[in-house]
Amino acid sequence: ELMDANGIGSAISSISTSVEVANDQTATVNLARACNDYAAELSQDHKGRFGMFAALPMCSMDAAIREVDYALDTLASDGIVLMTNYNDKHLGDAAFDPLLAHLNRRKAIVFVHPTTCSCTPGHPDMPLPMLEFPFDTTRTIVSLLYAEAFTKYKDIQFIFCHGGGTIPFLAYRIDMMLQAK
C-alpha cells in the first residue's frame with residue numbers, strides 16, 4: 001500500500017546490518033540463510049514488485065561463497081549486500097579477496113551498505129549514522145581503490161549508498177594521494 005500510495009513500482013529488499021552472530025558461525029550461517037529465504041519468498045509472493053540483495057555470512061569466506069551461489073542460483077537473487085566493514089576490516093582488505101574474486105566470476109551486483117567501525121567512536125551527542133555512515137562508505141571505497149579492487153574485479157557492479165559517502169567531495173584529494181602511492 002505504501003509503495004502504491006507513493007508511485008513506487010518495484011523495490012529491492014536487503015538487510016541494513018550484518019547477520020554476524022558473535023562467536024557463532026553456525027548461527028551466522030543460519031541467520032543469513034533465513035534472511036535470504038524470506039526475501040526470496042517475498043519476491044515470489046509479489047512478482048515484479050520486489051527483488052532482493054542476499055546477505056552473506058562473513059564469518060567464513062567459504063560460507064559466504066556458498067551463500068553467493070545459493071542466492072544467485074537457487075533463489076534468483078538480484079545481487080548481494082555487503083557492509084562497508086566487518087570487524088573493522090574494510091572491503092579492500094585482502095581477507096575479502098576470495099569472495100571478491102568469486103563475485104567477479106559471477107559478474108555480481110554488489111550493494112554496499114554502511115555501518116560503523118570501532119576506529120571512529122563518534123561524538124556522544126550525535127547519532128552514529130549522521131556522520132559515520134557516509135565516512136565509512138568513503139573508507140571502504142578508498143580501501144578498494146588502494147587494493148586496486150575495481151581493476152582486479154572489474155566485473156562486479158558495485159552500488160554504494162548515499163551517493164558514495166564523501167567521495168564526490170574528496171575525489172581530487174584521493175586521486176592525488178593514489179597517484180603518489
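Reply: Start with exposure. A residue counts as exposed when its relative accessible area is over 50%, and as buried when it is under 20%. This model is predicted. In it, Asp-4 has a relative accessible area of 54%, so Asp-4 is exposed.

Me: Why do charged side chains pair at all, and how many salt bridges are found in the whole structure?

Reply: Side chains of opposite charge can pair when their charged atoms come close. Searching the whole structure gives eight salt bridges.

Me: Which side chain meets Asp-4 in a salt bridge?

Reply: That of Arg-49, with an N to O distance of 2.9 Å. Arg-49 sits in the loop between α2 and β2 and Asp-4 in helix α1, so the pair ties together parts 45 residues apart in sequence. Arg-49 is partly exposed, at 26% relative accessibility.

Me: What does the salt bridge between Lys-107 and Asp-155 tie together?

Reply: The closest N and O atoms of Lys-107 and Asp-155 are 3.3 Å apart. Lys-107 belongs to the loop between α4 and β6, and Asp-155 to the loop between α6 and β7, so parts 48 residues apart in sequence are tied together. Lys-107 is exposed at 53%, while Asp-155 is partly exposed at 31%.

Me: Is Glu-132 buried or exposed?

Reply: Glu-132 is buried, at 10% relative accessibility. Its side chain meets that of Arg-139 in a salt bridge of 3.5 Å, N to O. Arg-139 is partly exposed, at 27%.

Me: Which residues are linked in a network of salt bridges?

Reply: Asp-69, Asp-73 and Arg-106 are linked in this way.

How values were computed:
Residues are numbered from 1 along each chain as its sequence is written. This is a predicted model: local features need pLDDT of at least 70, side-chain atom pairs count only at pLDDT 80 or more; totals for chains, interfaces and linings use all residues. Side-chain values use heavy atoms; hydrogens and water are left out. A salt bridge is a side-chain nitrogen of Lys or Arg within 4 Å of a carboxyl oxygen of Asp or Glu. Helices (H or I, at least four residues) and strands (E, at least two) are DSSP runs, numbered from the N terminus. Buried means under 20% relative accessible area, exposed over 50%, partly exposed in between (1.4 Å probe, protein chains only).
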